[in-house]
Amino acid sequence: MILRNDLVRACDTLLDSAAFKDYTVNGLQVAGRDEVRRVMSGVTACQALLDEAVAWGADLLLVHHGYFWKNEPIPITGIKHWRIRTLLLNDINLLAYHLPLDAHAELGNNAELGRRLGFRVEGCADGELGQGLVWLGNVPQATTATALARQVGERLGRDPLLIEAPGKTRVQRVAWCTGGAQDMITQAWEAGADAFISGEISERTTHLARELGIHYLAAGHHATERYGVQALGGWLEREFKLEHRFVDIDNPA
């Protein structure tokens, strides 16, 4: 058992959350009971995940996508009302980390994705490891875009959408940033990457990839961001002898 405030303080410190200028509130978003024994983690604090937390008797819900995003309506009505009501009625804490959990050098989404795909990490195109969001590395052996896409699909359990760059046959240097980072493709290209992996794709991304001459793989926002929250939950379990359970609410996006 650990007191909620001590757990939150430990996570804030570990992820250096105060150093990030984000689109949401990082840290404790909804307060529940003071003592924490059971932590459930998931990608997004949707109603289905909240219901799982209630059924399991979780004291704290740890997510990557929480609430209170920039420019969203302030009133707590509709879906936001029902979600927050579920937390308050069941005295469950909601703890959310967005960019700090993408960037963390050991437990972050980018670190975990690179580890699962077997990339040799070199650094970041936009800062130091632990702060930058566009990670750079190399595949163990030069490959092709289609072979890389097949590997990504096998490791993530979901086939990525591949946009091939005309005339580029060899992939050695890769860049990646999980989630909705498709517009960082230019930074990946400027860093000399042969391929860029992210979660989502926009209409403009196809043209950018073809004209820049860099392969683009849209591997799924949800699929690429399942691992950081699991790693952080596992760290809490080991560090404070808590019970941790990850629940994957299916999302094809």
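## Packing of α2 and α3

Helices α2 and α3 (residues 78–89) pack with their axes 10 Å apart, at an angle of about 10 degrees. Axes here are lines fitted to C-alpha atoms, for helices over the stretch in contact, and angles run from 0 to 180 degrees between N-to-C directions. The two helices α2 and α3 are therefore roughly parallel to each other; angles under 35 degrees count as roughly parallel, over 145 as roughly antiparallel, 65 to 115 as roughly perpendicular and the rest as oblique. Helices (H or I, at least four residues) and strands (E, at least two) are DSSP runs, numbered from the N terminus. The structure is a predicted model, in which local features need pLDDT of at least 70 and side-chain atom pairs count only at pLDDT 80 or more, whereas totals for chains, interfaces and linings use all residues. Residues are numbered from 1 along each chain as its sequence is written, and side-chain values use heavy atoms, with hydrogens and water left out.

The crossing of α2 and α3 is left-handed, a term that applies if the near helix is turned anticlockwise from the far one by less than a right angle, with right-handed used if clockwise. On the α2 side, Gln-47, Leu-50 and Val-54 meet Trp-82, Arg-83, Thr-86 and Leu-87 of α3; contact means heavy atoms within 4.5 Å. The residues of this contact of α2 with α3 comprise four nonpolar, two polar and one charged. In this grouping, Ala, Val, Leu, Ile, Met, Phe, Trp, Tyr, Cys and Pro count as nonpolar, Asp, Glu, Lys and Arg as charged, and the others, Gly among them, as polar.

## Helix α5 and its contact with α10

Helix α5 (residues 109–117) and helix α10 (residues 227–240) have axes that come within 7 Å and cross at roughly 105 degrees. That makes α5 roughly perpendicular to α10. Asn-109, Glu-112 and Arg-116 of α5 make the contact with Tyr-227, Gly-228, Val-229 and Ala-231 of α10. By class, the residues of the contact of α5 with α10 are three nonpolar, two polar and two charged.

Seven of the nine residues of α5 are buried, so α5 is largely enclosed by the rest of the structure. Buried means under 20% relative accessible area, exposed over 50%, and partly exposed in between (1.4 Å probe, protein chains only). The buried residues of α5 are Asn-109, Asn-110, Ala-111, Glu-112, Leu-113, Gly-114 and Leu-117. Just after α5, Gly-118 takes a positive phi of about 75 degrees.

## Salt bridges

A salt bridge is a side-chain nitrogen of Lys or Arg within 4 Å of a carboxyl oxygen of Asp or Glu. By this rule there are 14 salt bridges. One of them joins Arg-33 to Asp-59, with the closest N and O atoms 2.8 Å apart. This pair links distant parts of the chain, 26 residues apart: Arg-33 is in the loop between β2 (27–30) and β3 (35–36), and Asp-59 is in the loop between α2 (47–56) and β5 (60–65). Arg-33 is partly exposed, at 25% relative accessible area, whereas Asp-59 counts as buried at 10%.

Arg-37 and Glu-35 also meet through their side chains in a salt bridge (3.3 Å, N to O). Arg-37 is partly exposed at 45% relative accessibility, as is Glu-35 at 35%. A further salt bridge pairs Glu-106 with Arg-115, the closest N and O atoms being 3.9 Å apart. Salt bridges that share partners join Glu-106, Glu-112, Arg-115 and Arg-116 into one network. Glu-106 is partly exposed at 49% relative accessibility, and Arg-115 is partly exposed at 46%.

## Surroundings of Arg-210

Arg-210 is located in helix α8 (residues 203–212) and is partly exposed, with a relative accessible area of 46%. Arg-210 and Ala-165 are 45 residues apart in sequence, yet their C-alpha atoms are 4.8 Å apart in space. Leaving aside residues up to four places away in sequence, Arg-210 touches Ile-163, Glu-164 and Pro-166.

## Positive phi values in two loops

Most residues other than glycine have a negative phi. Asn-71, in the loop between β5 and α3, has a positive phi near 70 degrees. Asn-71 is exposed, with a relative accessible area of 74%. Asp-91 also has a positive phi, near 60 degrees, and lies in the loop between α3 and β6 (93–96). At 34% relative accessibility, Asp-91 is partly exposed.
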